[in-house]
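Please keep the sequence and the model open beside this note. The points below go through them one topic at a time.

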Amino acid sequence: MTKIVGVTACIAGIAHTYMAKANLEKFAKKEGIEIHVESQGSMGIENRLSQQAIDEADVVIFAVDTNVAQRDRFADKKVLEVGTSEVVKDGSKTIQKALELCK
């Protein structure tokens with residue numbers, strides 16, 4: 001089973017951060033994919049990814065419009081980086097792009 005971890009973060013750290021997180025989770029679930037998503041919003045890092053989850057992930061999705069805090073945790077991982085608005089508009093397409101990186 002494919003495993004994905006993700007980080008969402010927008011400039012303001014409010015709406016798009018959480019809408020992107022919800023869409024990643026929704027469309028991964030539809031595809032039967034295990035996903036864990038950390039949000040880096042106005043409240044700081046929420047739902048912090050464990051190092052084990054990161055290590056076990058086949059691919060990382062950064063749905064961000066700003067810098068990823070503690071990005072070094074994801075060293076040596078396949079990364080798909082997209083803007084939050086792209087995920088909000090079409091979360092399914094983002095999941096498909098991530099799966100392509102796993103091949």
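**Notes on the fold**

1. Start with a loop. D76 lies in the loop between β4 and β5. Strands here are DSSP runs of E with at least two residues, helices are runs of H or I with at least four, and both are numbered from the N terminus. D76 is not a glycine, yet its phi is positive, about 70°. Most residues other than glycine have a negative phi.

2. A word on the source. This is a predicted model, where local features need pLDDT of at least 70 and side-chain atom pairs count only at pLDDT 80 or more, while totals for chains, interfaces and linings use all residues. Residues are numbered from 1 along each chain as its sequence is written, and side-chain values use heavy atoms, with hydrogens and water left out.

3. N47 also has a positive phi without being glycine; the value is near 55°. N47 sits in the loop between β3 and α2 (51-56).

4. Now the aromatic rings. A search of the whole structure finds one aromatic pair (ring centres within 6.5 Å; planes under 30 degrees apart are stacked, over 60 edge-to-face, the rest tilted). F62 and F74 form this edge-to-face pair, with 5.1 Å centre to centre and 85° between the planes. F62 belongs to strand β4 and F74 to the loop between β4 and β5, so the pair ties together parts that are twelve residues apart in sequence.

5. Next, the sheet. Five strands form an open sheet with mixed pairing, in the order β3-β2-β1-β4-β5 (strands pair if DSSP finds at least two bridges between them). The edge strands β3 (44-46) and β5 (79-82) each pair on one side only. Neighbouring strands are turned by 15° against each other on average, direction ignored.

6. Look at one pairing. Strands β1 (residues 3-9) and β2 (residues 34-41) run parallel and are joined by six bridges. V5 stands opposite H36 in β2. Helix α1 packs on the sheet and touches β1, β2, β3 and β4 (59-64); its direction makes about 180° with that of β2. Contact means heavy atoms within 4.5 Å.

7. How do two helices meet? The axes of α1 (residues 15-30) and α4 (residues 91-102) come within 8 Å and cross at roughly 65° (axes are lines fitted to C-alpha atoms, for helices over the stretch in contact; angles run from 0 to 180 degrees between N-to-C directions). That makes α1 roughly perpendicular to α4, a label for 65 to 115 degrees. The contact is made by N23, L24, F27 and A28 of α1 with G91, S92, T94 and I95 of α4.

Terms used. Parallel < 35°, antiparallel > 145°, perpendicular 65-115°, else oblique. Phe/Tyr/Trp six-rings, centres within 6.5 Å; stacked < 30°, edge-to-face > 60°.
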